[in-house]
Every structure is written in structure tokens, then in C-alpha cells.
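Let's take a friendly walk through this model together. Have the structure open beside you as we go.

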Amino acid sequence: MAFFLETLIGGLMAGMLYSLVALGFVLIYKASGVFNFAQGAMVLFAALAMARFSEWIPKWTGIDNLVVANLIAFALAGVCMFVVAWLIERLVLRHLVNQEGATLLMATLGIAYFLEGLGQTLFGSDIYKIDVGMPKDPIFMLESAFQGGILVNKEDVIAAAIAAALVVLLSVFFQKTTTGRALRAVADDHQAAQSIGIPLNRIWVIVWCVAGVVALVSGMIWGSKLGVQFSLTTIALRALPVVILGGLTSVPGAILGGLIIGVGEKLSEVYLGPFVGGGIEIWFAYVLALVFLLFRPQGLFGEKIIDRV
Amino acid sequence: MLYRENGQFKTSYRADQQIFPITQDRVFIGLLLAVAFLGVPLLASDYLYASIFIPFVIMSLAAIGVNILVGYCGQISLGSGAFMAVGAYGAYNFFVRIPGLPLIPAVILGGLCAMAFGILFGLPSLRVKGLYLAVATLAAQFFSDWMFLRIKWLTNDSASGSVSVTGLQVLGLPLQSPAAKYLFCLSVLVVVALLAKNLVRGAIGREWMAIRDMDVAAAVIGIRPMYAKLSAFAVSSFIIGMAGALWAFVHLGSWEPAAFSVEISFRLLFMVIIGGLGSIMGGFFGAAFIVVLPIALNRFLPAFMDLFGVQISTAGVSHAELMIFGGLIVWFLIVEPHGLAKLWSMGKQKLRLWPFPH
């Protein structure tokens with residue numbers, strides 16, 4: 001039982017991180033109808049920027065306080081993501097308005113290639129580490145209930161807390177601010193939003209910026225867990241089942257989907273993996289999402305798809 | 001001037017409905033085939049065969065398969081790499097387990113394996129559409145990656161799924177020289193392209209296109225969505241599977257599951273979109289573009305940078321390659337979202353009317 005709970009909690013933590021990446025997909029899809037395959041490349045780009053700036057800043061300015069250096073690096077990486085978001089809107093999306101979904105999907109794949117190349121040209125292509133001072137030591141919980149307690153990684157708990165905080169922040173932003181309301185209006189209907197004077201182009205820049213910040217946060221967390229390297233881009237592929245499970249248009253869906261996928265992956269790997277040779281994590285999530293889609297084609301919380309001739 | 005159809009009167013329904021109704025087109029295609037079958041073997045070097053011609057021919061074949069599914073039936077698929085892998089490993093299994101099996105049956109059997117796999121993973125398309133389906137087809141990709149790495153029986157108990165084949169034979173002749181390999185792949189391509197072209201001109205092709213344009217409307221006028229979608233998956237994955245078998249057997253010789261990663265799926269989709277969705281011709285253009293571009297960049301980029309006095313490292317070249325590749329794709333999608341095939345047909349239209357604008 002203790003082992004089961006341990007796996008479950010590990011799955012929930014991992015799921016929280018997946019939903020963080022998934023959030024980036026959902027934000028952009030909601031606002032502009034673009035399925036952004038470049039999210040993984042954005043995570044890599046942001047993490048590379050963050051890692052290198054936090055390495056360079058003590059050298060440039062002589063600040064050797066870890067917290068201050070990291071904060072400055074975070075801000076600079078954020079600025080980088082803003083510039084990237086603005087360029088993407090200006091150079092790509094603006095010219096591709098009203099194209100089909102497949103064309104836009106391919107365009108974001110092109111952006112992904114470009115960002116991967118650019119990030120590695122600017123910041124180098126070795127493995128870097130981000131040290132934001134997260135404690136790495138595991139802690140034991142519920143020792144009174146089970147013998148030996150449950151092993152939980154402190155780093156995971158903090159990461160999950162950050163992810164949860166970001167989600168709350170984003171929902172407040174979407175629900176309570178004027179810009180958030182404009183974003184939701186654009187998501188509902190482009191033309192109607194434009195006709196009441198909401199500037200579409202600016203909204204797109206804002207939403208890509210928000211997605212950039214989400215990418216930065218997830219890049220920071222994943223980067224400090226695994227090291228900043230090229231394989232960070234595959235995280236986007238890991239997060240895709242989360243998005244379709246939760247529904248492409250739903251923020252709560254991304255969270256819940258992330259948790260389901262995280263738990264499903266871990267439990268399947270532990271209890272099912274040994275029978276089929278292990279390593280099933282990566283496709284199990286997809287198959288789980290696929291089976292789910294057979295019953296609800298629009299995902300958990302997605303808008304109901306109505307076909308009209 | 002030369003490209004006119006004046007005076008070419010069709011006297012029978014058959015003549016009116018042939019693939020190339022204009023005489024000049026037939027002459028052009030005949031010349032093109034002559035160049036491909038006779039001209040290339042006279043001129044090409046071994047390097048050109050291995051790096052450009054054979055990959056181009058096999059990738060065109062795969063692109064035709066992807067185009068049937070994505071361009072004609074409108075089902076976006078990111079699992080093409082998996083279909084290629086199943087074709088390759090399926091053919092390998094038959095080739096190893098049946099001693100002395102010639103190449104052609106092995107390739108066809110590999111295609112049939114891919115077809116079964118494609119139908120299985122095409123089943124979700126009956127419920128799920130559009131981008132959801134695109135993601136769902138990734139399941140096929142990751143499943144096949146895992147399957148050929150972990151299930152030892154499928155790779156004849158070889159470590160980490162890397163296998164190799166030797167002693168290929170076609171009609172009793174050994175297939176060893178690059179020229180022979182090229183001619184063999186080209187023959188397969190020509191046959192399959194002809195079959196595919198006729199398929200999409202026929203009743204079933206029209207059903208696919210109706211499903212693509214609006215599946216509910218197609219169902220209302222009596223087209224069975226299940227039959228149409230699954231047949232598109234079957235035909236497409238059969239062709240992609242054959243391409244996969246050729247890629248593995250003829251081009252690579254020895255390979256591992258990573259040769260058919262999700263990267264290949266993306267590239268195939270690029271080929272189809274850059275070449276032109278819903279056009280057999282587009283597959284060729286797209287394949288040529290995607291196969292030649294990285295090689296050209298690799299070759300000319302360092303020299304080009306030298307002109308500006310910038311030395312560029314090997315890693316730098318590969319990063320610049322990624323950037324240029326990505327940038328060109330985006331640029332292409334912006335400038336001509338309907339692909340190179342559209343440019344081709346526009347050019348033809350203009351030539352027909354020349355020198356008048358309308």
C-alpha cells in the first residue's frame with residue numbers, strides 16, 4: 001500500500017509538470033486556433049537562455065548572490081521569450097491568417113526547427129544545468145501510518161507547487177483582467193472580437209508571450225530536474241496526450257489530464273511494465289488518451305464538436 | 001507556343017479521360033521517364049545515387065502514400081514513420097524466416113504488414129477528427145518505436161533492434177550496384193505512382209475527396225465513412241510500408257528502430273504539404289525539396305560563409321541547417337500554401353494561354 005501511494009504521488013507530481021507544458025498548448029490553441037508544435041522548442045529555448053544567463057551574469061556584473069543572479073536571468077530569459085513571441089506573430093502568424101489547421105501545424109513545426117537551431121547557435125549546445133537552489137533531498141511522509149513512511153522528492157513537491165501557483169495566476173488573469181477577457185473573446189470568435197474593437201494582432205502577441213513565460217517556467221523546472229539539453233524538446237511530445245485527453249480548449253482539462261496521464265504512466269510502468277519488457281511509459285499515455293477519445297472525441301472538457309453540413 | 005492543345009480533338013470518351021489528355025504532356029512524361037531510366041544511369045556517380053537519387057525515389061514513393069491519406073482523404077497523420085518501420089521490419093521477418101525469398105515478394109509482404117497496422121491505427125479516425133487525430137496517430141509512432149526495441153521476436157532476437165540484410169535478389173539477378181538499386185526502386189515507384197494516380201481518379205478516389213471536403217455531407221449522400229477512411233488508411237499505409245521496406249533493404253542495408261523515428265513522420269508531412277496536398281505530382285516535388293535541401297545546405301553553407309570571412313564549425317553548420325530548414329518551410333507556407341504542385345499547374349495554365357493573359 002505504501003508503495004502504491006508512493007507511485008501515485010510520484011505520478012501526480014510528474015503529471016503536474018506535464019500539465020504545465022500542456023498549458024502552453026492550450027493557451028495558444030484557445031486564442032488563435034494554432035496547434036503549437038513549437039512549444040517543446042520554446043521550452044528548450046527558454047531553458048537554454050535561463051541557464052546561460054544565470055551562468056554569465058555573475059561574470060558580467062560581479063553579482064555572486066545566487067538568488068539575485070537567477071532573478072535577473074529569469075527576467076532576461078523572459079525578455080527573450082517576449083521577443084520570440086513578437087517575431088513569431090509579426091513574421092509568421094500574421095501572414096497565415098485563415099489558413100487550414102494542417103498548414104498552421106506545419107508552420108509551427110518550421111518554427112520549432114528554427115528555434116532549436118537559433119537557441120543552440122546563440123546559447124551553445126552542451127548540457128547545462130540550472131541551479132535555482134531547489135532542495136534535492138527526499139523527505140518521508142506519513143511515517144505514523146505506514147512502516148518506513150512514504151518517500152517523496154522535495155524538489156517534485158516544490159515544482160508541483162510552482163505549477164499550481166502558475167495555474168491559479170493564469171486563471172485569475174483570464175477571468176478578472178480586461179486583457180484576459182479580451183483573450184477569451186478572441187478565443188470564442190475571432191470576427192466578433194474584432195468587430196467590437198479588440199486588436200487581434202496584439203492579443204496574439206500577448207498570448208504567445210504568456211505561452212513563452214509558461215515555457216520558461218516549465219523549462220526552468222524540467223531543466224533543473226534533467227539538465228538543459230536537446231532532449232527537452234521531446235517533453236512537448238510527452239505532453240501531447242495530456243492536451244487531447246483534457247481537451248484542446250480547456251485549462252482545467254490540461255491540469256486534470258496531466259494528473260491522469262502522470263498517474264497512469266507511473267502505475268502502468270510499475271505494475272504492467274515488467275510483463276511486457278518495460279519502457280511502456282511513452283506510448284501508454286497515448287493509448288490511454290486514444291481509448292479515452294473513442295468515448296469522448298472532444299476530450300474531457302473540450303467544447304462539444306457539432307458538425308453541420 | 002509549343003504548349004497548345006489546339007486541334008487535338010477527342011473522339012472517344014476514353015481519349016477524353018486519359019491521364020495526360022494533351023499530347024505535349026505525354027511527350028514530356030515520356031522524355032522524363034527516358035531521362036530517369038537511361039540518362040541518370042549514364043551520368044550519375046555512386047555518391048549521387050546514395051545521397052540523392054535513391055533517397056529521392058523512395059521518399060517520393062512514401063510521399064505518394066502519405067498524400068493519399070492526408071491530401072486526398074484529409075486525415076492528418078503523424079504516424080507515417082511507424083508505417084515505414086512496420087513495412088521494413090515486416091519485410092525483414094519474412095526475408096529472414098523464409099530462406100531464399102526474393103526481394104519483390106518480401107517488399108509486398110512488408111507492405112501488407114504495414115497495411116494491417118495502418119488499418120488498426122486508422123480505427124480512431126472513425127471517431128476522432130482533425131488535430132485530435134493527428135495526435136492520436138502519434139500513438140502508432142511511439143508504439144512502433146517501442147515494439148521494435150523491446151519485442152525480441154520481431155527483430156529476430158537481435159540486440160536493440162538493429163538488423164541487416166544481405167544477398168538481395170530481384171528476378172534471379174543480384175541487387176548490388178547503386179545503379180541497379182536505383183533502377184529497381186524507380187520501377188517500383190513508376191508502377192505504384194501509376195496505380196495510385198488511377199486509384200484517385202476512380203470512384204474510390206472521389207469518395208476519399210468527398211470525405212476530405214466534408215465528411216458529414218459525404219455520409220449524407222451515401223458514402224460510407226468507415227469504408228472510405230479505412231480504405232484510405234489501408235492503401236496509404238501499404239504504399240508507405242513498401243517505401244519503408246525499400247528504404248531499409250535497398251538504401252540502408254542495416255538499420256535500427258531509430259531510423260524510423262517521429263522525425264521521419266514530420267519530414268514526410270513536410271514533403272506532402274510543400275509539394276502540394278491532393279496531388280500525386282506534389283509528392284515528387286516535395287520529396288526532391290526535402291531530400292536535396294539538407295545536402296545542398298551542408299555542402300554550400302561553409303563555402304558561402306567563407307565569402308563573408310566567417311568560419312563556421314560543424315556544429316554551427318548543423319544548427320544553421322536547422323534554422324534555414326525551418327525558416328524556408330515557414331516561408332514556403334506563407335508564399336505558396338498550396339505547394340509546389342500549384343505553381344506547376346499555374347505555370348501550365350499560363351503557358352497554354354501565352355501570349356495572352358486570359
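Among contacts in chain B between residues at least 6 apart in sequence, what percentage join residues at least 24 apart? The answer is 76%. Keep in mind that this is a predicted model, so a word on confidence comes next.

The model has an ipTM of 0.82 and a pTM of 0.88. In chain B the mean pLDDT is 87, with 99% of the residues at 70 or more. Chain A averages 81, and 93% of its residues score at least 70. Within chain A, the element with the highest mean pLDDT is helix 3 (residues 66-92), at 87, while strand 1 (residues 138-141) has the lowest, at 64.

Let's stay with chain B for its overall form. Chain B is built with 14 helices and 4 strands. Its radius of gyration is 21 Å, close to the 21 Å that the globule rule gives for 358 residues, so chain B is as compact as a globular protein of that length. Its C-alpha trace spans about 65 × 65 × 45 Å along the principal axes. Of the 358 residues in chain B, 44% are buried.

Now look at where the two chains meet.

Take Ala47(A) as an example: beyond its neighbours within four places in sequence, its contacts include Ile130(A), Trp222(A), Val228(A) and Leu232(A). Gly219(A), Met220(A) and Gly223(A) are also in contact with Ala47(A).

Finally, which residue positions meet around Ser32(A)? Leaving out neighbours within four places in sequence, Ser32(A) is in contact with Leu93(A), Trp204(A) and Val207(A). Ser32(A) belongs to helix 1 (residues 2-32) of chain A. Why does Ser32(A) count as buried? Ser32(A) is buried because 21 other C-beta atoms lie within 10 Å, and the cut-off is 20 or more. Ser32(A) and Trp208(A) are 176 residues apart in sequence, yet their C-alpha atoms are 9.5 Å apart in space.

Conventions:
Residues are numbered from 1 along each chain as its sequence is written. Chains are lettered from A and ligands numbered from 1 in the order in which they are written. This is a predicted model: local features need pLDDT of at least 70, side-chain atom pairs count only at pLDDT 80 or more; totals for chains, interfaces and linings use all residues. Two residues are in contact if their C-beta atoms, placed from the backbone, lie within 7 Å. Helices (H or I, at least four residues) and strands (E, at least two) are DSSP runs, numbered from the N terminus. The radius of gyration is taken over C-alpha atoms; the globule rule is 2.2 Å times the number of residues to the power 0.38. A residue is buried if 20 or more other C-beta atoms lie within 10 Å of its own, exposed if 12 or fewer, and partly exposed in between; C-beta atoms are placed from the backbone. pLDDT is the predictor's confidence in each residue, from 0 to 100.
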